[in-house]
Amino acid sequence: MDAAGNELADRIRALLSADVGIEERRMFGTRAFLDDGRILLGARPGGVLLVRVDDENGAALVTRTGVARAVMGSRTMGSGWLDVSPEVIEDDGGLMFWLDVARESSGSATDGSSQG
């Protein structure tokens, strides 16, 4: 992993520090953060954020600026796997938005907040 990916992993780790149910693993060149064995987010090389969402949300979210369907190797992943560019998550508010999206898609949102 490069410096930008490591920095992103540190930021994710800090935002998730209060959640003891989150597991961190290195997978497919990504530092993945899992909830109950399911990937929520991943810090990828270049500071790209990998986000796992349900397919319906993915189809809508991919239309946002700086968001694309994730590519792993030569394979473009399904609509539930998104790559978010570093520019979109420059501040913690932007990163927290995507963390909330991932949690809502996985059913692990605990704070009762909604996106809108």
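**Close-up views of a predicted model**

**View 1. Helix α3 lies across strands β2, β3, β4, β5 and β8.** Relative to β3, α3 runs at about 155°. As you look around, please keep in mind that this is a predicted model. Another helix to find here is α1, which lies across β1, β2 (30–35), β3 and β4. The angle between α1 and β3 is about 140°.

**View 2. Six strands make up an open sheet.** At the edges are β1 (22–27) and β5 (67–69), each of which pairs on one side only. On average, neighbouring strands of this sheet are turned by 25° against each other, direction ignored. Zooming in on one pair, β3 and β4 are joined in the antiparallel sense over four bridges. Here Leu41 stands opposite Val51 in β4.

**View 3. The largest nonpolar core is built from 22 residues.** Those with the most contacts inside this core are Ile12, Leu41, Leu49, Val51 and Trp98. Two or more residues come from each of α1 (3–16), β3 (38–44), β4 (48–52), β8 (81–84) and α3 (92–106). The biggest share is from α3, which gives five residues. A second, separate core has eight residues, including Ala32, Ile39, Leu50 and Met77. In soluble globular proteins, nonpolar side chains tend to be buried together.

**View 4. Val51 and its contacts are shown here.** Setting aside neighbours within four places in sequence, Val51 is in contact with Leu40, Leu41, Gly80, Trp81, Leu82, Val84, Trp98 and Ala102. One of these, Trp98, has a relative accessible area of 1% and is therefore buried.

**View 5. Phe97 and Trp98 form an aromatic pair.**

View 6. You can find Asp83 in strand β8. The side chains of Asp83 and Arg44 are joined by a polar contact of 2.7 Å. Beyond neighbours within four places in sequence, Asp83 is in contact with Arg44, Val48, Leu49, Leu50, Gly66, Val67, Ala68, Arg69, Ala70 and Val71.

Terms used:
Residues numbered from 1 in each chain as written. Predicted model: local features only at pLDDT ≥ 70, side-chain atom pairs only at ≥ 80, totals over all residues. Heavy atoms only, no water. Core = buried A, V, L, I, M, F, W, Y, C linked by side-chain atoms within 4.5 Å. Buried < 20%, exposed > 50% of the residue type's maximum accessible area, 1.4 Å probe, protein only. Contact = heavy atoms within 4.5 Å. Phe/Tyr/Trp six-rings, centres within 6.5 Å; stacked < 30°, edge-to-face > 60°. Polar contact = N/O pair within 3.5 Å; in protein donor to acceptor, adjacent residues only side chain to side chain. Pairing = 2+ DSSP bridges. Axes fitted to C-alpha atoms, helices over the stretch in contact; angles between N-to-C directions.
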